Amino acid sequence: TYLGQEALELAKGYENISCEVLDEEEMADLGMHCLLSVGNGSAQPSQLIVIKYNGGEADEQPHVLVGKGITFDTGGIALKPGAGMDEMKFDMCGAASVLGTMHAIAEMELPMNVYAVIAAAENMPSDRATKPGDVVTTMSGKTVEILNTDAEGRLVLCDALTYVERFNPKSVIDIATLTGAVIVALGHQTAGVMGNDQGVIDDLLAAGDTSLDHAWQLPIKETYKKQLKSSFADLANIGGPSAGSITAACFLSYFTEDFRWAHLDIAGT
């Protein structure tokens with residue numbers, strides 16, 4: 001709710017920014033049952049926040065930023081250990097960085113079109129919460145078996161990534177505190193980057209070097225995707241203990257086949 005209010009306030013301050021906040025009923029009408037499943041256990045309603053900055057030509061394709069906005073992540077029914085759970089308020093850092101980037105773009109009056117989509121939800125355990133083994137249908141029509149409710153970021157992002165297809169984007173970059181595995185791989189100094197377009201990835205790597213906010217490319221290969229097989233759905237939401245950052249990106253890749261896409265896993269940084 002607070003993220004949505006901040007986005008609406010941002011739009012009030014700039015003529016070339018508009019904002020729309022979709023509520024749970026509107027998301028259900030769109031078929032975003034995967035995103036909605038994450039917030040089932042919370043008293044806080046999930047939201048899809050759409051911010052549009054139009055600084056370019058009216059018919060110019062926008063670049064799109066997608067942010068993971070899990071405002072608190074208990075893990076849901078797959079409850080996290082108590083130690084360190086206070087830091088799970090930082091699970092919306094992808095969303096916050098996207099919101100901050102849109103603010104900066106508006107300040108700089110960049111001559112381009114940039115849209116942002118923030119998938120906001122709170123992952124809580126309750127009698128209404130999604131349970132391990134539940135199968136949900138995504139906006140794309142693909143079904144997902146939720147084997148671990150603590151792998152929730154990819155569940156909100158997949159529907160947000162499907163939603164952005166309507167913008168005919170020039171490129172899409174999602175930013176997410178997605179996996180603890182990326183910290184094991186790259187520590188707290190370097191973000192992981194993966195995607196389906198080497199040009200977008202190379203631009204991100206170069207931008208990271210320029211800004212001293214470094215990233216390192218990890219592979220997305222078909223051989224990793226078999227870890228996401230499910231006996232009951234099109235995909236499982238986890239791929240086992242090995243290559244966790246890569247299999248998370250592989251999951252997202254099933255929802256990004258129609259546009260140039262890169263994924264930044266910023267859990268460590």
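How many strands form the open sheet, and in what order? Keep that question in mind as you open this predicted model.

**Stop 1: the sheet**

Show the strands as a cartoon. Eight of them form an open sheet, and its order is β1-β2-β4-β3-β7-β11-β8-β9, with mixed pairing. Strands of a sheet pair through backbone hydrogen bonds, either parallel or antiparallel.

Now colour β1 (17–22) and β9 (215–217). These two stand at the edges with a single partner strand each, so one side of each has no neighbour in the sheet. From one strand to the next, the twist averages 20°.

**Stop 2: a parallel pair**

Next, select residues 171–176, strand β7, together with residues 261–265, strand β11. The two pair in the parallel sense over five bridges. For one example, click on Ala 176: its bridge partner in β11 is Asp 265.

**Stop 3: helices on the sheet**

**Stop 4: aromatic rings**

Tyr 115 belongs to strand β4, while Phe 167 is in the loop between α5 (153–163) and β7, so the pair ties together parts that are 52 residues apart in sequence.

Are these two residues buried or exposed? Tyr 115 is buried, with a relative accessible area of 13%, and Phe 167 is buried too, at 12%.

Move on to Phe 251 and Phe 255. With centres 5.5 Å apart and planes at 45°, their rings make a tilted pair. Both Phe 251 and Phe 255 are buried.

Ring pairs link Tyr 163 with Tyr 115 and Phe 167 into a cluster.

**Stop 5: charges over rings**

Which ring does the charged end of Lys 142 sit over? Select Phe 255 again: the charged end of Lys 142 sits over its ring, 5.5 Å from the centre. Finish at Lys 225, whose charged end sits over the ring of Tyr 254, 5.1 Å from its centre.

Note on methods. Residues numbered from 1 in each chain as written. Predicted model: local features only at pLDDT ≥ 70, side-chain atom pairs only at ≥ 80, totals over all residues. Heavy atoms only, no water. Pairing = 2+ DSSP bridges. Helix = DSSP H or I, 4+ residues; strand = E, 2+ residues; numbered from the N terminus. Axes fitted to C-alpha atoms, helices over the stretch in contact; angles between N-to-C directions. Buried < 20%, exposed > 50% of the residue type's maximum accessible area, 1.4 Å probe, protein only. Phe/Tyr/Trp six-rings, centres within 6.5 Å; stacked < 30°, edge-to-face > 60°. Lys NZ or Arg CZ within 6 Å of the ring centre and 35° of its normal.
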